[in-house]
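Hi,

Here is the structure I promised to send over. Have a look at it first, and then read on for what turned up.

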Amino acid sequence: MATYTGENGQVSIGADSAGQTTIAEVRSWTVEHTKDVVEDTVMGDAARTYKAGLHQFTGSMEILYDDTAAQLALGHNNPDADTTLRAEFYPSNAAGKKLAGNVLVTSISRTSSFDDLVTATVNFQGSGALEIVDFGA
């Protein structure tokens with residue numbers, strides 16, 4: 001089993017898997033994959049029981065807010081643009097698995113502090129399945 005360190009991760013976006021552009025100045029990213037459950041308990045059952053439901057993914061990325069990164073990460077997938085983009089998240093820039101899927105940006109938060117760099121956090125909702133595939137695929 002491969003393990004990774006965060007300094008080699010990356011995020012790329014584009015209209016499809018062929019037109020991906022790596023986002024500069026990413027500090028961190030998170031992808032959460034969840035599954036709904038549907039209760040199917042009936043009278044007479046001794047305990048609650050459930051069936052698997054639909055799955056979804058959500059996530060976020062934090063970037064340094066400079067002209068290049070901000071325009072690429074925020075300008076092309078602004079929450080007021082109803083654009084679905086293909087996003088790919090790499091734990092490593094060399095090998096292993098990547099997480100990929102279509103996303104809609106739901107919010108962008110910009111943060112400034114007197115003793116730190118200005119950052120932006122981009123939150124997104126997945127549309128369709130989250131793919132976990134080999135790096136080269």
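Something to check while you have it open: is Asp-134 buried, partly exposed or exposed? With a relative accessibility of 45%, Asp-134 counts as partly exposed. Before going further, keep in mind that this is a predicted model.

Lys-98 counts as buried, at 3% relative accessibility, and its side chain forms a salt bridge with Glu-88 (3.4 Å, N to O). Because Lys-98 sits in strand S6 and Glu-88 in strand S5, this pair ties together parts that are ten residues apart in sequence. Glu-88 is buried as well, with a relative accessible area of 2%. Salt bridges with shared partners also join Arg-86, Glu-88, Lys-98 and Glu-131 into one network. In total, the structure has six salt bridges.

All six of its six residues, 85-90, are buried, so S5 is largely enclosed by the rest of the structure. Both of its faces are covered: Leu-85, Ala-87 and Phe-89 are buried on one side, and Arg-86, Glu-88 and Tyr-90 on the other. As for its strand partners, S1 (residues 10-14) runs antiparallel to S5 and is joined to it by five bridges; within that pairing, Gln-10 has Tyr-90 as its bridge partner. S6 (residues 97-111) also pairs with S5 in the antiparallel sense, over five bridges, and there Leu-85 is partnered with Val-103.

The aromatics bring us back to S5. There are two aromatic pairs in the whole structure. In one, Trp-29 and Phe-89 are tilted, at 5.4 Å centre to centre with 45 degrees between the planes. That pair links strand S3 (Trp-29) to strand S5 (Phe-89), 60 residues apart. Trp-29 is partly exposed at 23% relative accessible area, while Phe-89 is buried at 3%. Phe-89 also pairs with Phe-124, this time stacked: 5.3 Å centre to centre, 20 degrees between the planes. Phe-124 is in strand S7 (residues 119-134), so this pair ties S7 to S5 across 35 residues of sequence. Phe-124 is buried too, at 7% relative accessible area, and Trp-29, Phe-89 and Phe-124 form one aromatic cluster.

One more spot to look at is Glu-39, in strand S3 (residues 26-39). Its relative accessible area is 39%, which means that Glu-39 is partly exposed. The side chain of Glu-39 makes polar contacts with the side chains of Thr-41 (3.0 Å) and Arg-48 (2.5 Å). Leaving out residues up to four places away in sequence, Glu-39 touches Arg-48, Thr-49 and Tyr-50.

Asp-40 is partly exposed, with a relative accessible area of 29%.

Cheers

Methods. Residues numbered from 1 in each chain as written. Predicted model: local features only at pLDDT ≥ 70, side-chain atom pairs only at ≥ 80, totals over all residues. Heavy atoms only, no water. Buried < 20%, exposed > 50% of the residue type's maximum accessible area, 1.4 Å probe, protein only. Helix = DSSP H or I, 4+ residues; strand = E, 2+ residues; numbered from the N terminus. Pairing = 2+ DSSP bridges. Contact = heavy atoms within 4.5 Å. Polar contact = N/O pair within 3.5 Å; in protein donor to acceptor, adjacent residues only side chain to side chain. Phe/Tyr/Trp six-rings, centres within 6.5 Å; stacked < 30°, edge-to-face > 60°. Salt bridge = Lys/Arg side-chain N within 4 Å of Asp/Glu carboxyl O.
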